[in-house]
Amino acid sequence: MSLLIHFSEPDLSRITVADAPDPMWEILLGLHALQTTDAGAVIGHWRASVERTTATRGLFRIAPARGYSPDFLTPEQGAFGLDAGLEAVLGTPTPRLRTDVQRLAAERSVPGWAKEVATGNRTVLRELVDALRTFHRTALAPYWPSVAESVHDDRRARADTMLDAGLGGLLSGLHPLLTWRGNALELHGGHVTGELFLAGRGLRLVPSFFCHGVPTVLADPTLRPVLVYPIAIDLHRLRPGMPTPDNQAAALAALLGKTRAQLLLAASQGRTTTELGRQAGISVASASYHVSILRDAGLIETRRDGIAVRHTLTCLGTNLLAQRQTKSLVGA
């Protein structure tokens, strides 16, 4: 079995590679990886460190290791960070929720709370979002510097491949199960079938730390097309806790620029994503993206405050401002 992805001429110029890990895809694929034993030594090492809480086991019911997982769990807004992705899940239209849960129910039994999600019950949907956030905080965030560094390395390697081998070499080189044929990319495997016509929408390539085995795509062909593929990962990089000196230096280097410095300064007063965006003169989506980088660097922490989320400085962020380094950041 295979999926044939058809590219029109406009699609060939609209291929993008995510420049950071997508937290929503990493949450979903991390849940998948927790339920398997064939994901390799690195994921096995991570799996041994993760506690299977009642909430996590509940997430297994809607994100099974095999078969369909609802597309609404991985919205395209995840490209702008965890907060933007979770807000998009919370704002999923009821018809979409119903369609996705019905598709899941056609393959396996679903819990009663998932049936409530399908009706658009916002209280239950918020509980689902809170469970996803908690899973990210406890299972993924301690390792996020390693995840981010691995994704960044893969992206640099793909750029080199593109220069050396062109578009066909880039796409075929993503994984052994991918083959470039003319203006079509064939994904082999029993988990996919049929044809996907990009029709000018382009294709977003998402390198993933927790994707194991085979590349994957969204089930709904009407959604913005993505291709998520596994990257090479190194056991020696997988370290929980604060970033290592090398990782921290790389994360802090990503902060250079006026916008993130403005956001860091604004967060010293405790701000919502909307307030940060207004302070820096950027959109909420852009603010969420930049905040996710500041958070990955250990400078900002995020907590829910009613229906909003509020960002404040960590000790590291406070120390950075106290050492008067902000002036150099703003001037960059």
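**Close-up views of salt bridges and nonpolar cores**

**View 1. Arg-133 and Asp-83 are joined by a salt bridge with an N to O distance of 3.1 Å.** A salt bridge is a side-chain nitrogen of Lys or Arg within 4 Å of a carboxyl oxygen of Asp or Glu. The pair links distant parts of the chain, with Arg-133 in helix H8 and Asp-83 in helix H5 (residues 82-90), 50 residues apart. Helices (H or I, at least four residues) and strands (E, at least two) are DSSP runs, numbered from the N terminus. This is a predicted model: local features need pLDDT of at least 70, side-chain atom pairs count only at pLDDT 80 or more, and totals for chains, interfaces and linings use all residues. Residues are numbered from 1 along each chain as its sequence is written, and side-chain values use heavy atoms, with hydrogens and water left out. Arg-133 is buried at 13% relative accessible area, and Asp-83 is buried at 1%. Buried means under 20% relative accessible area, exposed over 50%, and partly exposed in between (1.4 Å probe, protein chains only).

**View 2. Arg-310 and Glu-275 form a salt bridge of 3.8 Å, N to O.** Arg-310 belongs to strand E11 (residues 308-313) and Glu-275 to helix H12 (residues 273-280), so the pair ties together parts 35 residues apart in sequence. Arg-310 is partly exposed, at 29%.

**View 3. The largest nonpolar core has 49 residues.** Such a core is a set of buried Ala, Val, Leu, Ile, Met, Phe, Trp, Tyr and Cys residues joined through side-chain atoms within 4.5 Å. Helix H8 (residues 122-140) supplies the largest share of this core, 9 residues.
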